[in-house]
Structure formats: structure tokens, C-alpha cells
Amino acid sequence: MRLGFENHKEFSTRNHGFTVADFLTLEILNKILNWEHGDPYSHDLKCNNRIPEIPINMKERNPRAYVPRNVSIGPYHYGDPQLDRMQVDKMRALRHFVKRGRHPMETYLEALMEVVTPCRESYGQLEKQWQDETHFCLLMLIDGVFVLEFLSVTRGNQNNYDYAATDPIFGHEGHMLIYGAIMQDLLMVENQLPYLVLSTLLSVSEGLPEQSIHNILSWMMFAPNIDPGLHLLDMYLKGLLADGQRAEAEEEEEDQQQEYRIGNIAASKLCKRGVKFVAVQSYAKMRLDKNTGTLLLPTIHITKQNISKILNMIAFERREGTNKDFNSYIDLLDSLIQSPKDVNQLRSQGIIVNSSSSDETVMDLIKEITKDAVRGVMDSRSNLVRQDIIEYCQTGAGTRICRKSPYNLKSVLRRSSDIFSHLPSQREFLKLCIIKFN
């Protein structure tokens with residue numbers, strides 16, 4: 001008999017020392033249910049869960065995309081044997097960080113203890129070992145310092161010259177060799193630390209006011225002039241979207257949502273209608289210029305190496321994003337790409353960047369990425385652009401642009417037929433010659 005609780009940490013029989021058969025007694029069933037605690041999946045508890053675990057169905061589809069390969073950050077992957085080798089480097093980072101800050105390690109731990117409750121509530125249901133506040137705060141300290149030190153070197157912070165230049169992780173020369181692999185792990189949904197942990201550590205270390213600490217973190221997280229986020233992945237995604245985020249949409253009735261249906265718009269077909277593709281660097285600049293038939297789309301790198309990063313941004317935004325702007329753009333790309341010809345069209349204009357794979361391979365990567373993407377709210381920038389494209393094509397604007405060209409083949413042939421219609425036929429021409437020379 002299966003009651004459905006076996007795989008959940010809160011109700012696990014292993015955590016309580018009971019077997020499934022023991023549920024058949026009312027006394028033990030009452031103990032397991034623990035009536036004083038809320039439902040771990042209730043709305044009230046979920047609102048604090050800002051670092052969720054990836055749903056099983058998404059993990060099964062692409063398990064390597066969501067599991068760190070080099071370093072564990074936070075409690076979800078702590079203790080994984082394949083990640084233990086990085087613990088030595090975490091200790092080295094902690095030594096440098098504490099010595100540089102000139103505060104004893106206990107000072108950092110005390111500061112984290114003051115915010116332990118909101119930090120721990122940022123995660124889902126945790127293993128029993130993390131219920132100990134000191135144990136949890138020590139993990140936040142060690143992993144938080146590693147993240148700060150790594151990001152500091154990434155951004156070229158002069159303070160980190162107390163590492164040897166050839167240090168394989170934190171040296172300015174050795175860092176370049178490992179950057180891509182580590183950064184990929186740091187941008188995984190299950191490998192995040194609360195923003196509050198990083199700001200607390202930096203505040204103790206630097207002794208600066210809150211706004212100054214936020215400015216430093218925003219710069220380190222590639223998200224300048226962005227309000228404090230939930231964690232590194234959230235800040236990185238906001239920085240990537242830049243100013244492309246639109247105001248939060250108002251609630252819509254369910255029947256209105258059902259009416260929102262837009263078909264695929266292949267890039268190669270749009271090109272035949274006279275639409276020109278132009279790459280831009282910001283999501284804020286994405287739009288369709290109906291006067292010139294120019295579609296401006298932000299550049300995106302689609303490679304085997306960064307597919308994991310993209311999937312994790314999609315997964316995070318699905319759980320926490322307001323407008324799901326990144327998801328919406330990925331979904332727009334999915335509509336634009338229906339064949340390798342469409343990939344070639346977007347690559348030729350620098351919208352899709354991939355210098356090592358064929359158009360077919362890039363298309364396969366995009367289709368893999370878009371399996372878990374969602375369209376997002378109706379007034380997201382990508383969906384508004386999509387709607388503009390559909391209306392542009394339905395009104396025949398693209399066709400009119402093609403006709404305006406003086407070099408349009410049909411126009412040239414039509415003019416040619418008009419000219420030659422006024423010329424005499426071959427028989428009439430011979431008659432004119434006979435008359436002329438008689």
C-alpha cells in the first residue's frame with residue numbers, strides 16, 4: 001500500500017524510523033502527519049521558497065543540465081562525492097577573505113545567525129542536518145565566501161591580488177581556464193545562495209552602507225543598476241534582460257487567456273515577405289519597425305556549452321519570474337525557427353551566435369531548449385513583437401514593401417511587356433521595310 005509520502009522529506013518514513021506498514025495504526029499515522037506543521041506545498045510556505053528544487057519531470061528530460069559538475073553551492077548538492085574536490089578551494093577562499101577583511105570568522109558567523117531564518121526559508125524542504133542553525137550558517141559562510149571571491153576575480157577586482165596569478169581558481173591567469181565550467185555551476189537553480197547571505201558577508205567585510213553593498217553586488221553579478229534580487233541567478237537574468245522588463249500585467253480573465261493563440265512565424269518566410277532581421281544588444285530594443293519592415297532581435301549564444309545555463313534560467317524564471325521575459329523570447333525563437341533555413345537566416349544576421357555547429361545542430365539545440373519554455377504574459381515584450389509580426393503579415397504590409405522595390409522581378413516583367421506591346425510584329429516589320437525601299 002503506497003500513500004504517496006515516501007519520497008517527501010517531511011513525511012518520509014525513513015526520517016521517523018517507521019515502515020509503510022506502520023501507517024496502518026492510527027497512533028503512528030498521527031505522529032507522521034504532525035498536525036502542528038503546515039502542508040509543505042501550501043501557498044503560504046511556498047512564497048518563501050525562492051531557491052526551489054527542479055521538478056522531477058524536467059530533470060529526467062535533461063539530467064546533466066541541472067546537476068553541478070564542479071562545485072556545490074548551498075544545501076541541495078552538499079556532500080555529493082564528485083564535488084568534494086572543490087572543498088579545498090573553498091577553504092583557501094575563506095582564509096584569504098577573512099584575513100583580508102580583518103575580522104574574526106566568528107563575526108561573520110554571528111551576522112549570519114541574525115538572518116538565519118529568512119535565509120533557511122529561501123529553500124524548500126531541507127535535510128535534518130540543516131535544522132541546526134550553526135551548521136546551516138557555516139555552510140552559508142563557506143559557500144558565500146567562495147561565490148564572492150570567484151565573482152570578484154571574474155570582474156577584475158584589484159583586492160584579489162593576494163592570490164597567485166596562476167592560482168587555478170582565483171588567480172587572474174588560471175581563472176580564465178576554469179571560468180566557464182564554474183560559472184555554469186553557479187548559475188544552476190539548485191546551486192544558489194540567498195542574496196541576503198552575500199550582502200551580509202560583504203557588509204561585515206567592507207563596513208559599507210547597504211546601498212554601497214548593493215552597488216558592489218550588482219556590479220559583480222553583471223546586473224548594474226538593478227534592485228536587489230533573490231540570488232545570483234536572479235540578478236544575472238535581470239542583467240541579461242536589461243531594461244526589457246515591462247510593467248507587471250494585470251490579472252486577466254481565464255477566457256481572455258484562452259483567446260491568446262498565435263501561430264508559428266518562420267524566419268525564412270518572413271524574409272520572403274520583405275522583413276529584414278537586425279541584431280541588437282538589448283532586450284529593451286527588441287521591436288518590429290512596421291515602416292521599414294525591420295525586426296530587431298537581441299543576440300543569443302546557442303552552443304552545447306551554454307545550453308545548461310539557458311535551461312536553468314528558463315527553469316528559474318518559470319518558478320519565480322513575473323513576466324517570464326526570457327521564457328517568452330525563447331518561445332519566440334521557437335516560432336521563428338521551423339527549419340535549418342530559418343537558423344541560417346538568423347545566424348547570418350548575428351541574432352543566433354554559434355561558430356562551430358551546423359544549422360541542423362543549432363536547430364536541434366533550440367528545440368531542446370524550448371521544450372520547457374513558456375510563452376509568458378500577453379504583454380511581455382516578445383509576445384507584443386510576435387503579435388506585431390502576425391498583424392504585419394495579415395495586413396499585407398510585407399507584400400507591399402516587396403512591391404515598392406524597383407528591382408522586383410514581377411514589376412520588371414510587367415514593365416517589359418508594356419514596352420514590347422507597342423513594337424511591331426515580325427511580319428509588320430517586313431512590310432514596313434518593303435514599303436520603305438520600293
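Contact means heavy atoms within 4.5 Å. By that rule, S218 touches A223, P224, I226 and M235, leaving out residues up to four places away in sequence. This is a predicted model: local features need pLDDT of at least 70, side-chain atom pairs count only at pLDDT 80 or more, and totals for chains, interfaces and linings use all residues. Residues are numbered from 1 along each chain as its sequence is written, and side-chain values use heavy atoms, with hydrogens and water left out.

**Serine 218**

- S218 sits in helix α11 (residues 210-220). Helices (H or I, at least four residues) and strands (E, at least two) are DSSP runs, numbered from the N terminus.
- S218 counts as buried because its relative accessibility is 3%. Buried means under 20% relative accessible area, exposed over 50%, and partly exposed in between (1.4 Å probe, protein chains only).
- S218 and Y236 lie 18 residues apart in sequence. In space, they are 8.9 Å apart, C-alpha to C-alpha.

**Helix α6**

- Helix α6 spans residues 105-113, and its residues Y108, L109, A111 and L112 are buried.
- These residues are on the same side of α6 because they cover an arc of only 160° around the axis. The arc is taken from the directions from the helix axis to the C-beta atoms.
- E106 and E110 are exposed, on the face turned away from the buried side of α6.
- The buried residues of α6 pack against α5 (87-101), α7 (116-120), α8 (133-154) and α10 (195-206).

**Strands**

- Strand β3 (residues 294-298) is mostly covered, with five of its five residues buried.
- In a regular strand the side chains alternate between the two faces of the sheet.
- Both faces of β3 are covered: T294, L296 and P298 are buried on one side, L295 and L297 on the other.
- Strand β1 (residues 276-280) runs parallel to β3, joined by five bridges. Two strands pair if DSSP finds at least two bridges between them.
- F277 stands opposite L295 in β3.
- Strand β2 (residues 287-289) runs antiparallel to β3, joined by three bridges.
- R287 stands opposite L296 in β3.
- The hairpin of β2 and β3 has four residues between the strands, and G293 there takes a positive phi near 70°.
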